[in-house]
Amino acid sequence: MYYTLFFIFIPYVAIGFGLFVLQNVWLAGALYYIGTVIAVWMHRQPKEIKLSGWSWTGLGLAILAAGGIYGGILLLWPWAVKEELVLGEVLSKYGLSSSNLVFFIPLALVLNPIIEELLWRGLLDTGSARFSWLDLAFAGYHIPVLALAVKWPFVFDAAVALTMASWALRWAKHTFGGMAIPWLAHALADGVIVAALARILYAK
């Protein structure tokens, strides 16, 4: 139980201190990733963290979900974004600029899915495909990040979607027998989120 609480607090502390105190997304990410690596080492890399469970059905579901995420962001953004907010200015305030976005993209598409799945569907695995309070915890630390740019009703909607996504990834792990589909689905989701935000950011 104590290990579980420690693991859960890793992203909350990383986001709270790195993003909102230091106002630097790079430091927030570093704290999150280093903390998770330390947690994996402490837990001696449990056997449930394994790249297995490939499924073409799982791949198809992941692609459909990614398409829905991409379309949903582009469709809802005009209503969800805070009035008079300039996305580029918000990103720049927290350390993301056009000059370093090229370094952020591989982190978002490769490292972030690996780290988050190691933590939330690996170390924090419940041993079951059923819904868990941990899925709420996964969504929780995204809320203050979303609130930087998105109106509160849409923040709530996104939190619900993230909770269901966490459950779906947990279900995929236990249904398909490994982390392959959760890792792939997470990477696709992060990829389309980055693509949608880039389209919004650079739209003429």
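Where does Glu84 sit in this chain? Glu84 is in the loop between helix H3 (56-80) and helix H4 (87-93), where helices are DSSP runs of H or I with at least four residues, strands are runs of E with at least two, and both are numbered from the N terminus. Keep in mind that this is a predicted model: local features need pLDDT of at least 70, side-chain atom pairs count only at pLDDT 80 or more, and totals for chains, interfaces and linings use all residues. Residues are numbered from 1 along each chain as its sequence is written, and side-chain values use heavy atoms, with hydrogens and water left out.

**The chain overall**

- There are nine helices and zero strands here, so the radius of gyration is worth a look next: at 17 Å it is close to the 17 Å that the globule rule gives for 204 residues, so the chain is as compact as a globular protein of that length.
- That radius is taken over C-alpha atoms, and the rule is 2.2 Å times the number of residues to the power 0.38.
- Along the principal axes, the C-alpha atoms fill a box of roughly 45 × 35 × 30 Å.
- Of the 204 residues, 40% count as buried (buried is under 20% relative accessible area, exposed over 50%, partly exposed in between, with a 1.4 Å probe and protein chains only).
- Take the contacts (heavy atoms within 4.5 Å) with a separation of 6 or more: 83% of them come from residues 24 or more positions apart.
- On the charge side, the chain carries 12 positive and 10 negative side chains, and the centres of the two sets lie 6 Å apart. Lys and Arg count as positive and Asp and Glu as negative, with His and the chain ends not counted; each charge is placed at NZ of Lys, CZ of Arg, CG of Asp or CD of Glu.

**Helix H6 and Asp135**

- Helix H6 (residues 133-140) has six of its eight residues buried, so it is largely enclosed by the rest of the structure.
- The buried ones are Leu134, Asp135, Ala137, Phe138, Ala139 and Gly140.
- Ser132 caps the N-terminal end of H6, with a side-chain oxygen 3.0 Å from the backbone nitrogen of Leu134.
- Asp135 is buried at 0% relative accessibility, and its side chain makes a polar contact of 2.6 Å with that of Ser166. A polar contact is a pair of N or O atoms within 3.5 Å; within protein, one must be able to donate a hydrogen and the other to accept it, and residues adjacent in sequence count only if both atoms are side-chain atoms.
- Not counting residues up to four places away in sequence, Asp135 touches Thr163, Ser166, Trp167 and Arg170.

- Ser128 belongs to the loop between helix H5 (101-123) and H6, and at 18% relative accessibility Ser128 counts as buried.
- Setting aside neighbours within four places in sequence, Ser128 contacts Arg170 and His174.
- Ser128 and His174 are 46 residues apart in sequence, yet 6.7 Å apart in space, C-alpha to C-alpha.
- A polar atom of the Ser128 side chain lies 3.0 Å from the backbone nitrogen of Arg130.

**Positive phi in the loops**

- Glu84 is not a glycine, but it has a positive phi of about 65°; Glu84 is exposed, at 82% relative accessible area.
- Gln23, also not a glycine, has a positive phi of about 55°.
- Gln23 lies in the loop between helix H1 (2-19) and helix H2 (25-42), and is partly exposed at 35% relative accessibility.
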